[in-house]
Every structure is written in structure tokens, then in C-alpha cells.
Amino acid sequence: MESGNNVNTSAMVSRNNGKTGTVVRHSLTHLFIIALGIIMIYPIIWMIVSSFKPNNMIFSDPGLIPKTLTIENYISGWRGYAGTTFGTFFTNSLIMCAVAVVGNVISCSMAAYAFARLKFAGRTFWFAVMMITLMLPSQVTLVPRYILFNTFGWVGSYLPILVPKFLATDAFFVFLLVQFMRGLPKEIEEAAIIDGCSKVGVYLRIVLPLATPALVTTALFTFLWTWDDFFNQLLYLTTPASFTVSRALRTFVGDAGAVSNWGGALAMATLSVVPAFILFFSLQKYFVQGIATTGIKG
Amino acid sequence: MFLAPWLVGFLILTVYPMGHSLLLSFTDYDFTKPDSTQWIGLGNYLKMFGSLFGLSEFTAPTGEVMRVDPYYMKSLSVTFTYVFVSVPLKLIFALAVAMLMNQKLRGVPFYRAVYYIPTLLGGSIAIAVLWRKLFERDGLVNDVLAAIGFTDLPGWITSPDYALGTLILLTVWQFGSSMIIFLAGLKQIPQEFYDAASVDGANKVQQFLRITIPLLSPVILFNLVIQMIGAFQTFTQAYIIGGGRGGVLNSTLFYTLHMYIQGWAYHEMGYASAMAWVLLLIIGLLTAIVFRSSKMWVSYGVGE
Amino acid sequence: MRRIRTLTLMILLAVIFAAFSLPTLAQDDADALPAYTGGPAEIRVAWWGNDDRAARTLEVIELFEAAYPDISVTGEPNGGTPDHFQIVDTQLAGNNAPDVIQFGGNWPDYVQYLEPLNDYLGEQLLIDTPERFDQTALIPATDAEGNLYAVSLGTNTLVLVYNKTMIEAAGVEMPEDNMTWDELIAYGTELKANLPEGVAPFVDNSMNQANYLSYFYAQEGTTLWTLDDGGTSYATVESAQKWLQLWADMRAEGLIPDADTTYTYTEDGPDSSALVAGDAAIGLIWSNQAAAYQAAMTDELGMTTLPAGGEDAYTIQMSQYLGVNNASANKEAAVLFVNFFVTSPEAGAILETNRGIPSSPVVRQAIAGEATATDAAVYRIYDAVADRTIPQGPNLPNDQEFVNELELVGQQVAYGQITPDQGAEELQALIERLAVK
């Protein structure tokens, strides 16, 4: 009996040691990940916290715990400049991104459907061509596009930014949707065709609804990237009344010599990343899926 | 046809501009004086690389004397440094943290979200502005360092030695998306492999080198190419950190920034077009090299 | 010739100061605003400057709209100077530029886009009489053929401001007006011996203020740019050498901060300035910025002249101009706006000296009661340099590129990457290149 107990005890002890080891390791890992994570998002937390500090305390008292809280920065920053408030800028950004999303979703899904399901001459060739455009640096087409849009008289409007969205120029999303559509079971579509459904019908009633997850991912990233697309906005938006949030932040902050309202700048900067946050936290899984499929680096 | 929008877009917005920009690269097109455009053959290209031949000026076919761009090489060196330092660092961090998270931990989705946030926001101008402020001489970073006990701190953003470093830090900070991809890839490696290797007496390092890396190699390749291409095209951050210019002593004169200044601040769009084509060639070449070399280190099957 | 010019300028200045101090100047009917004969119009106005200037300008816009209910105005502040011109350049080339645009001395670079204003004089643009507007202010805005392209917004000039509080604490006397370069350096040396550690007597203004350079060049007799023969530069490499060596010596003696400290600041305005931050005691600014600098500091600022020496070189500049876009759909409305901006006492009362001392006697009188200590200091400077001023000359062409490249050369010399002599050669090459571009 005693030996039995001993055996049991030692067996229990050795099993416990293993578990303790793992627990310790896991705890340390957790700790490390958390610590590193905090360092990673520290700048962002600092930005958010500072936007609630009075202007003169932001840099004289740079800790994370504010001594006083105020929303004066949001009020003063919101006024924007040139008599145009950030209300206008946000509206401009939202509308522009929404239209871009619609354009991209429609055109990229159409192109993807063609590549994935429709048979036509040279399909492999054109698909390869499209994939090459994925690797093309945008700078190569930059100057001529600018000249082209200028000839059309579109510089100064949103058209140079939005029209390409309706023409499926974002190969990322075409690729994403193609991969997704290829993975859909063909039987449903074939059955529909046998039943007399046209290609368009199949596209609208079967493929699109089934491809919703990929479409959501497309919409998501289109919105985000259009929101953050500083360069094109810098190039094509010329009057402050038409500026988007990203563009407005640039003038708002401008040269070091033109900023005196850092609190306002930080407040507006914080607000400008709110849409990204909201989208991300509500639609996390689509983000991951999108990244995993196409390596989007954001 | 369903393909119509894409085809139209492709032809008008990709093919035609590419051809046009190639054409422009052989001229001295000035956006504000379009009527005085002249063909200068390889003039723009010589303008870029003339210093390699020891030239500082040369005569174009039109007879006008053209000056070799003294900052072109600088922009190349800045960009190359940026790419070849930041991309490996980024991938190493991404892989390391992904491996850390690959253990059976709780709350991985939450951590994943936290680490992705910098990537989510990092491309925005708001963060670039914030970054510039943080790394100024009187910025937060120096406050923290001073509190730890460092003295005589430089202004990182305004110092020609360190400004590029802050930008490298900014992009490495955004390793989140690479990490997520690595995580997905790691999850696909069956645990049995590691168990079998342990039984065979292999230690962690050997397991890493013999199992993890080879099986992950397609993913590594993928991340490497994507990040490299992206890094070459960095603009917004460089633009903001340098205040619309190249920074002190042009230390942050990224290639795309230089292109922008030449084309839109100095109106030399012929030259900017030439720069774009050279960038395309550089990226194409490096991508091809990476793919070529991948035959040696990437394995696509299990059990090779 | 020079003496006649100087005499003219002295008389001009005397008239200006007389106007300022004698409030019995005959005036036109104060509300003689020209009538607007067009239909409802919308115009856009673009300028550069900080928030304070934007706020004032927008107030003036509101006043204007109240006076001319049929014209609605959109104000477009474009941030700092380089931003403004980049935006305006793109707009002009894309043919969607504003109707009224603010320019600096670089307006000649834009002549092809500007509407000649001669036909509007006396009708919509009431600046043709000396009572309403200094006629000499029209000279730098007129090209060789007599076309008036821009309207001056005021005068300013370069001054040295010094931190009175800091200098007093150092136990040194205040700098005097019209010291020579040698005296200034000797003064700096004395100051350095008494300033706290890490504070330099002077800000490094060698290459971040193109006008300081051109001032020195004029003193050396090698004017940077003139309109002779359609445009000539008399710059020489010797002047460049002297200038760069001067500052290199100062750097070696610790009279200016080291390169790292210097480039921490952009020196565009009080928000990024070694003087305001307390790293230096004396710095170069435009007189119309003085109020902003003082507002940014708790220490008291004093003002003195740039060093004297060599030929006369001081310019009372037209600080900024407004030009009318010749592609504007509403030129009459645009011109009326410009007129209101520079001749209306109410507008002047809002703008004060933010863009310089107004060029209109009527406006000057209106704001006379508001003159601050800073304004008085500026007038004193105008007085102190009266016998070594010259008419304002044009800027070097391709002004923006010049400014950028100048800074880069300065940085290279400051960090010791090239010697001052090499820097001088680069500088000369730069000037020659931009002169013919």
C-alpha cells in the first residue's frame, strides 16, 4: 500500500511538474507578448490620450495619465481651417470612400467572375497579365495618368480617384475574388445554367451571394486604403473645400512653422483613425482572411 | 462582357500611361511649359546615372547642357538602405512573434488584433505626423530616454544620421500583417513533425532550421516579395517626416519622394517618368532575383 | 543716379512717416467703394500663412461679402509657403486655380497667368492716387513694359531680433543699430562669453533665408538678380566664399549653434525657431513676423538692423502681393476684392500689420491708434536704415528651387561634408543654373 502510494505520488508529481513547466512557459510568453504589445501600441495610446490634454500640457507633461481631461482640442481642431470644418472633410472622405467601395466591388467582381468562370480565348494569358499589374509600381503610370486626367479636366475633382475604381484597376481584389470564386462548388452554377439561367443571372443570383465574405473583405480594404490614400489626394484635390481628412491633416499640420495647435492636430488625427478602428473590430475575421489570401500589407 | 470594365481600365489606365510615360522619359517635358518639349533621347537616364561615369554635366541632343542630378544616387542609397534593412527586420520580427503565438495560448485572436493595429493605422498620415512629433528633439521618445538616464540626446527626426532609422522603425513597427500570414502558415505545419524530431533527438534550433523554415519557405517568399515591392514604393511617411522635402542633408530622400519633387515641385515630368521606369526595372530585377534564388531555398512539398 | 534714388526713397519714407504722424491728411470719402457691375459671382482667394493670418483674412472676406452681396468668396489658406506654391502651380497648370492668389517676390515667375491690372486703375482698383496708395509700391509690381501685375499688401524688411531678457541676464549691453559685420561679430563674441552653456549668440541664418544672402551680395556689389538686359545676375563665387566662410568661422567659434541643433528647427516661424526655443539670442526675421515671435515667447524681444557695410543694400520690401488670375471667370469681382483688401480701412483694421506695414495711407491712419510697441520698433528700423536703402529688386527666378537647394548646400557645409569653398562653388553654379532656366 505504501509503495502504491509512493508510486502514485511520484507519478502525480512528475505529471504536475510537466504541467507546471508548461504553465510557467505560457505565462512568460503571455507576459512577453503583452509587454511587447503595449510597446507596439503605445504611440497610438499616447496620441489618443494627448488629444484629451490641454494644449500646453501635451509636451510638458507627456505621461500617459493626464492630469486634466478636456475636449477643447476636439472643438478647436474641428474648426479646421479655411473656414472648412472637419465635418466637411469627414463627409468628403466618407462619400469618396463609399463610392470607391461600390465601384470596386462591382467592377472587380465582374472581372473576377470572367476570369474564374467564363471561358474565353486567351483567358490564361489575360489572367497572367492582370497578375503582372499587381507587381507594377504605381509610379510608372503616375505622370501620364496625371496628364491624362488633366486633359480631361478632372484634376481638382474626385474623378481621378474614383473612376479607376469602376474600372477594376485594383488587381489585389480581382485576384482575391478569383481565388474565392474558384473555390465555390460548380454544381450550383451548372444546375442554374441547365435551368435556363443566363450568365448574368448566375453571376447576380448565385455567385455574388456566395462570394459575400470575399466581397466584404474587398469593400473593407477598399474603404480603408482609399481613406488613407494620401498621395492621390495630394495630387488631385486642389481646393480646401474638397479636401478629405487625410489631405486636410497635411495642411492642418503642414510645415513645422504653421502649426500652433498641436492639441487640435492630435485630436483630428485620432478621429481620422476611428473609422479604421471601428471597421477592424467589427469585421476582424474578414481582415484576417483578406490578408492571408493576398498578403495585403496595409 | 464581364471583363469589359477591367479591359477598359487596363488599356486606358495602365497600358496607355505606361507607353506614354516611357515616351516622356525620353523628353524634357515640363508640365508648366508643355509647348517647349524636346526629345532628348537618353538624356534623363544619363542625368540619373551620369555620376557613375564621372560626369557632372553633359550635352543633350538638343544642344542644351544638362546637369547630372546630384541627388539621384542619394535617393537610391536611401531607398536601398531602407528596403534592405527594414524588410528583413520586419520579417524576422513577424516570424518570431508568430512563433511565439503559435503555442497553445489563450487569447491569440486578441493579441493578433493588438499587433495588427500598427499596420492598420500605420499607413495613415496621422501616424506619420505623430511619428515625426514623437522623435523630435523635444519629443516623447527623448523624454522617455532621458528618464531612463540617457543624456545628450539628438533630435532623431532632424538628424541626418538617424532620420532614416526612425522611418525604418516606423515600418518595422507595422509587422502585423506579415505576422498574421506567418501564423497562418505555421498552423499548417503538423505538430507530428516536431514531435517526431524531438524523439529523434533534435533540439529546438535544429527543429527550427530543418522543419519550420523549409515548410514555411513559400510563405517567407511571398512575404518577402510583397514587403519588398511595397517598401520601394513608400511615399507618405517620407513626405511627412521630411516636411515635403528630403530631410536634412537629404537623409530621407526616398526615391518616390524625389520623383514627386522633380515632377510636381520642379515640373520636370520627363525626368520623373524616367525615374519611374528605372524604379520599375529595379523592382522587376530584384523580384526576379528573389524568385530565381527561391529555387534553392523554397520547398513546396512536404517531406523534401 | 544712386543718390537720386536714395533721395527719392528718403522723401518717400518721409512722406510715409508724415502720413503716419499727421492725422490731418485729406481723405477721400471713406466709403467710396467702387460699384460692382456684374451678376452674382463666386471667386476663390488663396494665400499662405498660419492660423492667425487665416483667421484675419477670413474676417476680411466676410466684410467684403457684406459690402458686395452679389459676390461670394471662398478663402483657401494653403499652409506654408512651399505648400502654397506647389498647390498653386498644379492648379495653374491644370487651369483650375483661384481667382486671387497671394505671391511674394516671385510674382514674375507667374506673369503668364496674371491679369494686367492697368485697365482697372481708377475704376475698380483705386490705388492710382497717392492719397489712397503709395505710388512707389506699384513700381516693384510692374514689369519692364509697364504692366502692373500685382498689388502690394504692405511693406516689411529684414530685421534682427534679440532676446532682451537673456542679454540683460548676461550682463551685456543691447545691440546697437547699424553695427558693421565686424562689430556684430565682436558683439557676438562678447555675448558668448556671458551666455549660459549651450546657448549661442546667433541663429544660423546663413542658408535658410535667401534674402539674407542677397542682402550680403548687394553689399558686396554682386547683386544676385536684376532686370538688366532682361535679367542678369552679378553674383560671383567670391561673394559666396566670403558668406560661407563668415558663417563657418562663426560656427567654429561657437557663435552659432552646431549643425545638429540648427537643423532641429526649420526657422519658418516662431513654432520652430532656435530663438524662441532659447538656443540662441539673436535671429533674423521679417519685420511683419515680429509680433508673432513676441507672442510666442515670454522673454522680451528687441529689434535692430542688419549689419551695415559695403554698398547700400537694405530694402524696404513689398512683403507680399495679390495677383489676379487671367483665367478667372470673374475678373471684375476679383479686382474689387483686391481693392478692398488693400484700401479699405475696415479691412486694414483687421489685418493690421500681419502682412507688413500697409501701403495705403488711409489704412495706415486707420490703424495708427492700434500701433503696438512692435510696430513702433519696425518704424524705428525703417528710420534707422533710411540712408542705406535701395529699391527692392526682383527675386532670382525659380525661387522655390533656389530656396531648397540653398538649404542643402548649407547643410553640407554645416556638417562638414564639404568645405566652404566647395560650397561656394556649388552655390555659384546653382545661381547661374537657375538664372537661365
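Two residues are in contact if their C-beta atoms, placed from the backbone, lie within 7 Å. This is a predicted model, in which local features need pLDDT of at least 70 and side-chain atom pairs count only at pLDDT 80 or more, while totals for chains, interfaces and linings use all residues. Residues are numbered from 1 along each chain as its sequence is written, and chains are lettered from A and ligands numbered from 1 in the order in which they are written.

**Stop 1: chains B and C**

Select chains B and C together. Here 18 residues of chain C are in contact with 18 residues of chain B. On the chain C side, helix H3 (81–93) and helix H15 (399–414) each supply at least two residues. Helices (H or I, at least four residues) and strands (E, at least two) are DSSP runs, numbered from the N terminus. The side of chain C that touches chain B divides into 5 nonpolar, 8 polar and 5 charged residues. In this classification Ala, Val, Leu, Ile, Met, Phe, Trp, Tyr, Cys and Pro count as nonpolar, Asp, Glu, Lys and Arg as charged, and the others, Gly among them, as polar.

**Stop 2: chains A and B**

**Stop 3**

Of the 298 residues in chain A, 46% are buried. A residue is buried if 20 or more other C-beta atoms lie within 10 Å of its own, exposed if 12 or fewer, and partly exposed in between, with C-beta atoms placed from the backbone. Among the contacts in chain A with a separation of 6 or more, 72% are between residues 24 or more positions apart.

**Stop 3: helix H12 of chain B**

Select residues 255–265 of chain B. Is this helix enclosed or open? Because 10 of its 11 residues are buried, H12(B) is largely enclosed by the rest of the structure. The buried residues include Tyr255(B), Leu257(B), Met259(B) and Trp264(B). Their cover includes helix H5 (139–152) of chain A, helix H13 (269–297) of chain B and H3 of chain C. After H12(B) comes His267(B), whose phi is positive, near 65°.

**Stop 4: the nonpolar core**

A nonpolar core is a set of buried Ala, Val, Leu, Ile, Met, Phe, Trp, Tyr and Cys residues joined through C-beta atoms within 7 Å. The largest such core has 277 residues, and those with the most contacts inside it include Ala111(A), Val174(A), Val161(C) and Phe337(C). Helix H3 (residues 86–117) of chain A gives the most to this core, with 15 residues.

**Stop 5: strand S12 of chain C**

Select residues 321–324 of chain C. Tyr321(C) and Gly323(C) point one way from strand S12, Leu322(C) and Val324(C) point the other way, and all are buried. Two strands pair if DSSP finds at least two bridges between them. Strand S3 (residues 100–103) of chain C pairs with S12(C) in the antiparallel sense over 4 bridges, and Gln102(C) has Leu322(C) as its bridge partner. Strand S4 (residues 150–152) of chain C also pairs with S12(C) in the antiparallel sense, over 3 bridges, with Ala150(C) opposite Gly323(C).

The loop between S3 and S4 of chain C holds Gln112(C). Gln112(C) counts as exposed because it has 9 C-beta neighbours inside 10 Å. The C-alpha atoms of Gln112(C) and Asn326(C) are separated by 8.3 Å, although these residues are 214 residues apart along the chain.

**Stop 6: confidence**

Finally, colour chain C by pLDDT, the predictor's confidence in each residue, from 0 to 100. The mean for chain C is 85, and 93% of its residues reach 70 or more. Among the elements of chain C, helix H1 (residues 2–21) has the lowest mean pLDDT (55) and S3(C) the highest (94). Over residues 18–30 of chain C, pLDDT stays under 50. Where pLDDT is low, the predicted coordinates should not be read in detail. The model as a whole scores ipTM 0.78 and pTM 0.82.
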